[in-house]
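Me: Hi! Could you walk me through this protein? I'm new to reading structures.

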Amino acid sequence: MQLVVDNIAKSFGIHSIFKNVSFTISKGEKVGLVGVNGSGKTTLLRCLLQPETVDEGNISYESDLRLGYVQQGFADMGAGSLWEFMLGSCQDIVKLREKMARLETLAATTKPGAKLEEVLADCKNHT
Ligand SMILES: Nc1ncnc2c1ncn2[C@@H]1O[C@H](COP(=O)(O)OP(=O)(O)OP(=O)(O)O)[C@@H](O)[C@H]1O
Ligand SMILES: [Mg+2]
């Protein structure tokens, strides 16, 4: 399991938002969270981002798991596509992909020799 949520609870003052929440998410799973306005969806997602903010229970991740998050609402979406907006939550991965694409082009167009060895070593460092 990449993400394990075990019996968590969250309150704001005397207002209990949720309790006894447990679930797991495995690699490759796609999960939607559905609930009426004010039911605590954003609060739950924020707890996943900051596990130390839960009042009870425990949230654990596999160490190599990376979390991306975009704010609710599309006021800051700008002129790009929805896909580009979502990619904004993981800029480091986007930059890494761009670098890999540049290195692949370079590797395909560089003549055998020291320079090519250097490019291939750089490619290997990023895989
Ligand atoms: N920082 C806070 N302090 C106090 N109460 C809060 C705080 N954040 C959220 N709440 C309250 O917690 C409840 C859950 O809010 P939350 O934003 O998590 O709901 P939501 O399901 O994401 O709602 P929506 O569908 O409108 O986005 C609401 O009653 C909200 O007013
Ligand atoms: Mg919300």
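**Strands, helix and ligand**

Reply: Happy to! This is a predicted model. Let's start with strand S1 (residues 3–12), which pairs with S3 in the antiparallel sense over 5 bridges.

Me: Which residue in S3 is the bridge partner of Ala9?

Reply: That's Glu56.

Me: And what holds strands together in general?

Reply: Strands of a sheet pair through backbone hydrogen bonds, and the pairing can be parallel or antiparallel.

Me: OK, what's the order of the strands in the sheet?

Reply: It reads S2-S1-S3, an open sheet of 3 strands with antiparallel pairing. Strand S2 (15–25) and strand S3 (56–61) are the edge strands, each pairing on one side only. From one strand to the next, the twist averages 25 degrees.

Me: Which strands does H1 touch?

Reply: Helix H1 packs on the sheet and touches S1, S2 and S3. The direction of H1 makes about 125 degrees with that of S1.

Me: Switching topic: which residues are around ligand 1?

Reply: Phe12, Ile17, Gly35, Asn37, Gly38, Ser39, Gly40, Lys41, Thr42, Thr43 and Gln72. Helix H1 (residues 41–49) gives the largest share of that shell, with 3 residues.

Me: How many of them are polar, nonpolar or charged?

Reply: The shell has 8 polar, 2 nonpolar and 1 charged residues.

Me: Last one: what domains is the protein divided into, and what distance separates their centres?

Reply: There is domain 1 (3–67) and domain 2 (92–125). Taken over C-alpha atoms, the centres of domain 1 and domain 2 are separated by 39 Å.

Technical notes. Residues numbered from 1 in each chain as written. Chains lettered and ligands numbered in written order. Predicted model: local features only at pLDDT ≥ 70, side-chain atom pairs only at ≥ 80, totals over all residues. Domains from an automatic or database assignment. Near = placed C-beta within 6 Å. Helix = DSSP H or I, 4+ residues; strand = E, 2+ residues; numbered from the N terminus. Nonpolar A, V, L, I, M, F, W, Y, C, P; charged D, E, K, R; others polar. Pairing = 2+ DSSP bridges. Axes fitted to C-alpha atoms, helices over the stretch in contact; angles between N-to-C directions. Contact = placed C-beta atoms within 7 Å.
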